[in-house]
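Here's a quick tour of a protein chain for you. Have the sequence and the 3D view open, and we'll go through it piece by piece.

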Amino acid sequence: MGAYTRQVRIGSAVIGGGSACLIQSMTNTDTLDVQATLEQISRLEAAGCEAVRCAFYCADCAPAFREIRAGIHIPLIADVHFDPDLAVLALENGADKVRINPGNLRGDKALEKVVACAKANGKAIRVGVNAGSLEPHLLKKYRSPTAEALAESALNWVRRVYDMGLDNVVVSIKASSVPACVKAVRAFAKLCDAPQHIGITEAGTYESALVKSAVGLGALLLDGIGDTIRVSITGDPVLEVKAAKHILQSAGVRTFYPEVISCPTCARTGINVAGFADRVQRILAETGKPITAAVMGCVVNGPGEARHADIGIAGGGSGKAALFAKGVLVGTYPEEHILEAFADYVRKHF
Ligand code: SF4
């Protein structure tokens with residue numbers, strides 16, 4: 001993704017410059033509880049998280065960050081609000097990147113301090129912009145925090161950081177609604193080649209967050225925008241990583257899972273589609289290969305509708321099921337033997 005964005009290095013990872021859209025999440029343990037934070041990050045890493053952010057909210061977080069840094073395998077990002085001294089402390093104590101909102105720092109001197117520290121230590125900065133931190137002159141010019149105002153604000157801050165001699169900058173623009181956020185991120189992408197962190201902020205609990213993120217982030221990813229992604233979900237952050245993977249795969253940006261296509265079922269349905277889809281998903285997961293399989297309720301429409309699937313099962317009526325590959329019939333089997341035939345075909349042909 002982000003073929004036209006600059007490349008930014010954070011610890012062992014790369015963001016932008018055409019590299020794969022990096023999956024991030026954020027811990028919700030207390031950073032000072034190092035053991036709990038390390039345990040959560042270990043679960044995030046196992047789920048596929050590629051960079052993790054922890055709140056750095058007081059000076060006591062410094063020794064905790066050093067311990068956390070030493071105990072994890074992915075880049076560590078410090079989330080800092082308002083205080084440039086905390087940002088500096090984070091960068092000096094293990095953070096590979098610090099997320100700040102320059103509009104909330106106290107003037108250019110504060111920003112200079114953070115930038116100088118990042119530069120001296122080979123670290124990165126994420127510049128955050130949102131409606132609440134918009135500069136007064138932009139509010140006056142645009143009358144409200146429009147997408148254009150947010151994009152211009154982000155551009156101004158990034159230029160200032162570039163002028164201070166730091167190229168390692170990632171931008172994140174947040175707006176109150178999904179359409180406003182998408183509009184602002186698109187507007188910035190037209191103005192500047194800094195890599196963008198994309199996310200729908202405060203998206204809510206699981207179902208709402210999933211839909212809002214899939215709509216907003218999906219639209220951006222399909223436009224080729226987005227160098228690193230976080231799906232915000234209230235609850236266990238491991239869910240964020242799984243959701244990010246699904247969104248990236250659905251947008252055709254990265255591949256993580258074998259894909260199971262199953263029909264919605266109707267009066268023609270001849271097999272237990274939901275049950276077979278689960279079993280097929282498990283068989284494919286064991287192969288670890290990105291195979292696309294279909295489970296369709298009937299042979300009337302099934303194989304044709306799932307023609308692009310590598311392999312599929314369709315209900316045949318009278319306790320029979322059909323196995324097909326690339327839309328062509330392989331054979332018809334009693335329903336109780338179809339999964340065996342499916343697994344056998346996968347073993348031999350993939
Ligand atoms: S594939 Fe067949 S059973 Fe499934 S929804 Fe379509 S027509 Fe109905």
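How many bridges join β11 to strand β12, and do the two run parallel or antiparallel? There are 4 bridges between β11 and β12 (residues 292–296), and the two strands run parallel. Before going on, keep in mind that this is a predicted model, where local features need pLDDT of at least 70 and side-chain atom pairs count only at pLDDT 80 or more, while totals for chains, interfaces and linings use all residues. Residue numbers start from 1 along each chain as its sequence is written.

**Domains**
- The chain is assigned two domains, domain 1 (8–250) and domain 2 (259–349); bounds like these come from an automatic or database domain assignment.
- Between the C-alpha centres of domain 1 and domain 2 you'd count 42 Å.

**The 8-strand sheet**
- Here 8 strands make an open sheet with parallel pairing, in the order β8-β7-β6-β5-β4-β3-β10-β9.
- At its edges sit β8 (169–174) and β9 (197–198), each of which pairs on one side only.
- Two strands count as paired if DSSP finds at least two bridges between them, and the strands themselves are DSSP runs (E, at least two residues), numbered from the N terminus, just as helices are (H or I, at least four).
- Look at β5 (residues 76–79) and β6 (residues 97–100): they pair in the parallel sense over 3 bridges.
- D79 is the residue that stands opposite R99 in β6.

- The axes of α8 (residues 206–222) and α9 (residues 237–250) come within 10 Å and cross at roughly 40°; axes are lines fitted to C-alpha atoms, for helices over the stretch in contact, and angles run from 0 to 180 degrees between N-to-C directions.
- From the α8 side, Y206, L210, S213, A214, L217, G218 and L221 meet L239, A243, I247, L248 and S250 of α9; contact here means C-beta atoms, placed from the backbone, within 7 Å.
- Sorted by class, that contact of α8 with α9 has 9 nonpolar, 3 polar and no charged residues.
- For those classes, Ala, Val, Leu, Ile, Met, Phe, Trp, Tyr, Cys and Pro count as nonpolar, Asp, Glu, Lys and Arg as charged, and the others, Gly among them, as polar.

**The 5-strand sheet**
- Another open sheet has 5 strands in the order β11-β12-β13-β14-β15, and its pairing is mixed.
- Its edge strands are β11 (259–262) and β15 (328–334), each pairing on one side only.
- On average, neighbouring strands of this sheet are turned by 20° against each other, direction ignored.

- β13 and β14 pair in the antiparallel sense over 5 bridges, and G312 has F324 in β14 as its bridge partner.
- Their hairpin has 2 residues between the strands, and S318 takes a positive phi near 50° there.
- β14 and β15 also pair in the antiparallel sense, over 6 bridges, with F324 opposite L329 in β15.
- In the hairpin of β14 and β15, which has 2 residues between the strands, it is K326 that takes a positive phi near 50°.

**Around the ligand**
- Of the 13 residues around the ligand, C263, C266, G297, C298 and N301 come nearest; a residue is near if its C-beta atom, placed from the backbone, lies within 6 Å.
- That shell has 6 nonpolar, 5 polar and 2 charged residues.

Notes: Contact = placed C-beta atoms within 7 Å.
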